[in-house]
Amino acid sequence: MQDAMPQSIGIDIGGTNLRAARISGTGEILKRVSEKSAPDPELVLGRIADMVRLLDTPDVKAIGVGVPGRVDARRGAVLSGGYVNLASVALAQRLKDMTGKPVVIDNDCNMALAAEMALGAGRGHGNIVMFTIGTGIGGAVAQDRRITRGSATAGQLGHITVDVNGEVCACGRRGCVETTSSGTALGRHIARAGLGADTSVDQLFARDAAGDIQARGVLDAWAKPLRAAIDTAVAMLAPDLVLLGGGLGRAAHAALGRAPALAPWYQCQVEAAQLGDDAGVIGAGLQALAGDQHTSPPTQSSRLRRAVLVNGIPASGKSTVSRGIADRMGWPLLALDTIKNPFLEVLGGGDRLFNRTLGRGSYQAIWSVVGEAPAGTTFIVDAWFGFQPREVLEDHLRNAGVEQTFEIWCHAPGKVLAERYGARLDQRPAGHPGAAYIPELIELAKRAEPLRRGPLFDVDTTKPIDFDAITAWLRATMAGGA
């Protein structure tokens, strides 16, 4: 069974609000607190410290902070900010000194995108662009489910220029989309239209629907530059999804309905983020538990080859589990049948002895591929690891340079396995055992056991598979150096 999951504190620093929450290993918010933001960095730090004290418990293992502006996550340094500039504050070090816990910091939008990929609208997508619409506009980019940072701070999508003669931006340039399509910019559009300062975006939509020309003009002035920025990001990065998050993300998504894509080349699905204002704290908490393995300076642990061994007898559901983990984590997947089946098809099948021989060769091929991969690669290996002696696996792991393994044990009652196996007999190439194997499979289910080589997560595949729990366990266990 899985070990008890550690918890973390996730902090989201915004231009208007400071939010913090205690987060479980699966991304559940256990307790939350908030404070008003402020332009004074020392005042912000003091309020963050107060929130951490309210949330901290012995179960909290790490702290994650999403910071607006330019953040070098690898060095843990804030380079510059906009509405809240923490560049003068050694934020990570001072929080670490206060709490005695590891602290991960990153751009706030990167944290939000990490949450959406794990639990929200980004699940199942590999290449994502995200704009967060709030006091300002933040941006984040994921390629192959990894946050893109370039030399340090890539993804500042709020500073895509949409009007070279436009308003002066906090970054020092003119006409950034932040100056036209943020919450602050919406307030300026409302004021210029002569509408009351207390006019909400919902009221704008209602007035627009009733034919109010002023409200329609405000929404157009707010949405059209954002559409231009989205088109630019799509042209540059070719994502399969654009997300709009932040406090005004859903409203911006609705406003874009009146501002279609400006060029047919640059079409992409645009969706509202699902986690709302919770995305920042959830992402910060999950990244803290993961030790931000994708962004931190290379450590000895991050240079290791690692293997997630998805183990189980035939028809146990391990292939479904493997694919689900690969989709969410972006790690390469190697499976016995993926290697073996093309040979069976080309060679025209064979008897059971031939199938076993080919299986052993495929098993060796898997570990040869792993051994040729760059140090630091994590593989998912889908196989029934009990079909060969344990010492064969240990030899392969040693020769491939795999120093850490994490086991996912998939199982179901023999009767269920028999039904599954029988249902797919006509889907497997000649050479795989046929219906005569089913009684043997039922008996195998009674005695099959996991390897228990390193950390173990148990999956009963007769129940809905909780991929969020599996991936959170993997992140937390790997971060703990297990």
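## A walk from helix to helix

Start by selecting Leu 186, His 189 and Ile 190 in H5, which meet Val 218, Ala 221 and Trp 222 in H7; contact here means heavy atoms within 4.5 Å. The residues of this contact of H5 with H7 divide into 5 nonpolar, 1 polar and no charged. In this count, Ala, Val, Leu, Ile, Met, Phe, Trp, Tyr, Cys and Pro are nonpolar, Asp, Glu, Lys and Arg are charged, and the others, Gly among them, are polar.

Before you move on, a word on the model: it is predicted, with local features needing pLDDT of at least 70 and side-chain atom pairs counting only at pLDDT 80 or more, while totals for chains, interfaces and linings use all residues. Residues are numbered from 1 along each chain as its sequence is written, and side-chain values use heavy atoms, with hydrogens and water left out.

**Stop 1: H5 on H7**

Now show helix H5 (residues 183-192) and helix H7 (residues 213-237) whole: their axes come within 9 Å and cross at roughly 150°. That angle makes H5 roughly antiparallel to H7. The crossing of H5 and H7 is right-handed.

- Helices (H or I, at least four residues) and strands (E, at least two) are DSSP runs, numbered from the N terminus.
- Axes are lines fitted to C-alpha atoms, for helices over the stretch in contact, and angles run from 0 to 180 degrees between N-to-C directions.
- Angles under 35 degrees count as roughly parallel, over 145 as roughly antiparallel, 65 to 115 as roughly perpendicular and the rest as oblique.
- A crossing is left-handed if the near helix is turned anticlockwise from the far one by less than a right angle, and right-handed if clockwise.

**Stop 2: H6 on H7**

From H6, pick Val 201, Leu 204, Phe 205, Arg 207 and Asp 208; they meet Gln 214, Ala 215, Arg 216, Val 218, Leu 219 and Trp 222 in H7. By class, this contact of H6 with H7 has 7 nonpolar, 1 polar and 3 charged residues.

Stay on Arg 207, whose side chain meets that of Asp 212 in a salt bridge (3.0 Å, N to O). A salt bridge is a side-chain nitrogen of Lys or Arg within 4 Å of a carboxyl oxygen of Asp or Glu. Arg 207 counts as partly exposed at 31% relative accessibility; buried means under 20% relative accessible area, exposed over 50%, and partly exposed in between (1.4 Å probe, protein chains only).

**Stop 3**

H1 and H2 pack at an angle of about 35°, their axes 11 Å apart, in a right-handed crossing. To see the contact, select Glu 42, Leu 45, Ile 48, Ala 49 and Val 52 in H1 together with Leu 91, Arg 94, Leu 95, Met 98 and Thr 99 in H2. The contact of H1 with H2 has 7 nonpolar, 1 polar and 2 charged residues.

Next, display the side chains of Asp 56 and Lys 101, which meet in a salt bridge (3.5 Å, N to O). Asp 56 lies in the loop between helix H1 (41-55) and strand S4 (60-67), and Lys 101 in the loop between helix H2 (91-99) and strand S7 (103-107), so the pair ties together parts that are 45 residues apart in sequence. Asp 56 is partly exposed, at 30% relative accessible area, and Lys 101 is buried, at 13%.

**Stop 4: a salt-bridge network**

The structure holds 16 salt bridges. Select Arg 390, Glu 394 and Arg 453 to see a network of them. In the pair of Arg 453 and Glu 394, the closest N and O atoms are 2.8 Å apart. Arg 453 lies in the loop between helix H15 (438-447) and strand S17 (456-460) and Glu 394 in helix H13 (residues 390-400), so this pair ties together parts 59 residues apart in sequence.

In the loop between H15 and S17 you will also find Arg 452, with phi near 55°, a positive value in a residue other than glycine. Arg 452 is exposed, with a relative accessible area of 53%.

**Last stop: Met 130**

Finish at Met 130 in strand S8 (residues 128-133). Is Met 130 buried or exposed? At 1% relative accessibility, Met 130 counts as buried. Beyond its neighbours within four places in sequence, its contacts include Cys 109, Leu 157, Leu 243 and Ala 273. Met 130 and Cys 109 are 21 residues apart in sequence and 7.6 Å apart in space, C-alpha to C-alpha.
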